[in-house]
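The tour goes from one selection to the next.

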Amino acid sequence: MRLRNVPGARDVIAESRFTIKNETEYKGKWNTVFGNDNPVHIEIGMGKGQFIMTLAARNPEINYVGIEKYSSVLLRALEKQEQEELPNIYFIRMEAEYIADVFGEGEVDRIYLNFSDPWPKDRHAKRRLTSQAFLDRYEKLLKRDGHVIFKTDNRELFDFSMEQAEQAPRWKILNYTYDLHHSEYVQGNVMTEYETRFVEKGNAICRMELAREV
Ligand code: SAH
């Protein structure tokens, strides 16, 4: 999601009490950030944050961390959080490639990926958030039996993601659908900004759930 560059966004993020600065310092110590030992769920590429903030409001017994690389987008989530002041969510502005420097082994219970950038060129396949390269990173921080839940309307990216998960030795595909909104998995589904837009256009939404087996 690219918005017009918002002047001053970086400064707002640097000063916000809801963002984590020096995020690598909390590796293995996220319980000190939240002040409890509740499970940690993260969303990578959270955009403006509608999805993860809805979850945080619904599930006070879960700790959430929203990750987004663009300041202008993250700023929108911070504006919402200024109003809502949810105690169980923090945000990090960072590139997801370095995620294993931020969370310790088994520290994360669940990873959400929603409408991740497709990176259609073959030579950029490693940048896709469901590539083997990223699954290897997730393995370092996800609890055994922890899940990755991925939604997209991009069938090419979805098929690629299925292949990557099938080939990955320590991952299994628990379930998937090519049409979330006409499937059993729609129960309790929380819409993202992109999802709302694509559903309005009539696009089918694909969803898969992966588990780290060992
Ligand atoms: N999840 C939101 C936004 C989807 S657009 C929704 O469903 O509405 C994808 C978002 O992921 C963009 O905001 C983009 O900046 C972010 N993103 C993509 N690759 C990323 C990466 N490697 N690290 C961090 N954020 C990333």
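Residue classes come up at several stops: Ala, Val, Leu, Ile, Met, Phe, Trp, Tyr, Cys and Pro count as nonpolar, Asp, Glu, Lys and Arg as charged, and the others, Gly among them, as polar. The model is predicted, so local features need pLDDT of at least 70 and side-chain atom pairs pLDDT 80 or more, while totals for chains, interfaces and linings use all residues. Residues are numbered from 1 along each chain as its sequence is written, and side-chain values use heavy atoms, with hydrogens and water left out.

**The largest pocket**

Select Gly 45, Lys 69, Ser 116, Asp 117 and Leu 129: of the 30 residues lining the largest pocket, these are the closest to its centre. A pocket, on a 1 Å grid over the protein atoms alone, is an open set of points where a 1.4 Å probe fits, with protein on both sides within 12 Å along at least five of seven lines; lining residues have an atom within 4 Å of a point. The lining has 13 nonpolar, five polar and 12 charged residues. The largest pocket holds about 520 Å³ of space, the volume being that filled by probe spheres set on the points, which are joined across faces, edges and corners.

**The ligand**

Now show the ligand. Where does the ligand lie? The space it takes is the largest pocket (more than half of its atoms lie within 2 Å of the grid points). Around the ligand are 18 residues, of which Gly 45, Glu 68, Glu 95, Thr 192 and Tyr 194 come nearest (a residue is near if one of its heavy atoms lies within 4 Å). This shell has eight nonpolar, four polar and six charged residues.

Next, look for polar contacts (pairs of N or O atoms within 3.5 Å). A polar backbone atom of Gly 45 is 2.8 Å from a nitrogen atom of the ligand. At Lys 69, a backbone N or O atom lies 3.2 Å from a ligand nitrogen atom.

**The second largest pocket**

Move to Arg 110, Tyr 112, Ile 149, Gly 188 and Arg 207, which lie nearest the centre of the second largest pocket among its 18 lining residues. Its volume is about 230 Å³. By class, this lining has nine nonpolar, five polar and four charged residues.

**Two loop residues**

Select Asn 22, in the loop between helix 1 (9-15) and helix 2 (30-34) (helices are DSSP runs of H or I, at least four residues, and strands runs of E, at least two, numbered from the N terminus). Asn 22 is not a glycine, yet has a positive phi of about 45°.

Finish at Phe 115, in the loop between strand 4 and helix 5. Its phi is also positive, near 55°.

How values were computed. A polar contact is a pair of N or O atoms within 3.5 Å; within protein, one must be able to donate a hydrogen and the other to accept it, and residues adjacent in sequence count only if both atoms are side-chain atoms.
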